Amino acid sequence: MEMTLRWYGSKFDTVTLEQIRQIPGVTGVITTLYDTKPGEVWSRERIQEMKKEVENFGLHISGIESVNVHDAIKTGALEREQYIANYIETLENLGKEDIHLVCYNFMPVFDWTRTELARKRPDGSTVLAYTQEAVDALNPEKMFESIAGDMNGTVMPGWEPERMEKVKELFEMYKEIDEQKLFENLKYFLEKIMPVCDEYNINMAIHPDDPAWSVFGLPRIITNKENILKLMKLVDNPHNGVAFCSGSYGTNLDNNLPDMIRSLKGRIHFAHVRNLKFNSPTDFEEAAHLSSDGTFDMHAIMRALFDIGFDGPIRPDHGRMIWGEVGMPGYGLYDRALGAAYLNGLWEAIEKEAARK
Ligand code: DNO
């Protein structure tokens with residue numbers, strides 16, 4: 001495995017490449033062209049510039065998170081052919097620039113959903129949190145407004161203001177879409193892009209829905225073992241793979257994370273590893289990565305990844321805001337650096353134990 005950190009580009013991130021380079025064991029970044037809109041073609045020139053910038057700091061691009069999928073593709077609208085063609089062109093350009101991992105999601109309207117961006121924990125740190133009660137009490141059109149005040153002036157992934165202005169329109173687009181339709185549209189998209197993935201050896205890694213259940217009555221399909229295995233079979237090509245996010249699948253306490261990892265052997269191309277602390281099954285907050293700070297057994301998660309021979313990039317995921325840092329909620333430097341060091345420590349121990357046997 002390779003330890004990485006997500007980085008949004010120098011125009012958008014409060015964390016610098018220089019800082020990332022100084023985190024022990026982090027050799028790559030997971031990045032994106034954050035100012036491109038879903039459906040736009042990524043030019044080779046822009047990809048080259050991005051690569052050069054990262055490489056100037058002694059790091060490399062380990063993968064893209066995300067090349068976002070246009071809603072016309074998710075809803076199967078007529079214009080999807082054009083957007084799929086654009087997506088293929090972007091993949092081609094990435095492949096030509098030697099980038100072989102693309103993370104994406106297939107969530108309708110909202111990407112990941114949280115109801116608080118700065119819940120205070122007893123130690124004074126702040127974290128992202130979710131309660132179903134708060135979602136149930138909220139008009140979806142007000143979702144963005146309700147959390148915008150805590151974004152610290154940053155643009156959060158999936159919560160871009162231009163997109164949120166269109167929430168009503170987006171809901172309208174998904175009116176006829178149920179889970180089955182969404183699966184069909186995803187299959188259609190994947191089948192169209194597999195040839196270019198085969199040609200350039202690009203691993204597609206689907207991010208789970210977060211939380212792993214339907215919100216605001218919208219269908220959500222990448223939520224549990226059964227569904228993700230169904231998707232693997234529907235398009236049975238190793239390039240159709242998974243971004244295993246412990247914090248997203250883990251929102252549903254029925255999901256046995258190590259067991260899911262083992263069942264996805266050969267198909268996990270990317271891992272987001274973080275911990276959650278549950279106050280009730282529908283009220284959780286994002287803890288420090290350390291097992292004892294939350295609900296998950298992080299050793300068991302890393303162990304399962306090791307056992308299946310996982311060799312892709314891992315990144316610590318959302319961190320707490322600590323030590324007075326002001327940045328994009330979940331994406332500050334300090335707690336994610338602690339997370340990377342901790343996950344590297346677990347991995348080293350697991351690897352050495354295994355070598356001794
Ligand atoms: C949240 C992220 C998601 C993820 C996308 C992938 O912090 O994990 O926004 O990047 O769903 O397309």
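## Basis of the model

The model is predicted, so local features need pLDDT of at least 70 and side-chain atom pairs count only at pLDDT 80 or more, while totals for chains, interfaces and linings use all residues. Residues are numbered from 1 along each chain as its sequence is written, and side-chain values use heavy atoms, with hydrogens and water left out.

On a 1 Å grid over the protein atoms alone, a cavity is a set of points where a 1.4 Å probe fits but cannot get out, and lining residues have an atom within 4 Å of a point. The count comes to one cavity of 30 Å³ or more, and the largest cavity holds about 30 Å³ of space, a volume being the space filled by probe spheres set on the points, which are joined across faces, edges and corners.

Among the residues that line the largest cavity are Leu-117, Met-321 and Pro-329, and the largest share of the lining, three residues, comes from strand 6 (residues 126-131).

## The open pocket

A pocket is an open set of points with protein on both sides within 12 Å along at least five of seven lines. The second largest pocket has a volume of about 310 Å³ and is lined by 18 residues, of which Asn-203, His-269, Asp-311, Gly-312 and Pro-313 lie nearest its centre.

## A residue on the surface

Trp-323 lies in the loop between strand 12 (313-316) and helix 14 (334-356), where strands (E, at least two residues) and helices (H or I, at least four) are DSSP runs numbered from the N terminus. Trp-323 is exposed, with a relative accessible area of 64%, exposed meaning over 50% with a 1.4 Å probe and protein chains only.

How values were computed: Buried < 20%, exposed > 50% of the residue type's maximum accessible area, 1.4 Å probe, protein only.
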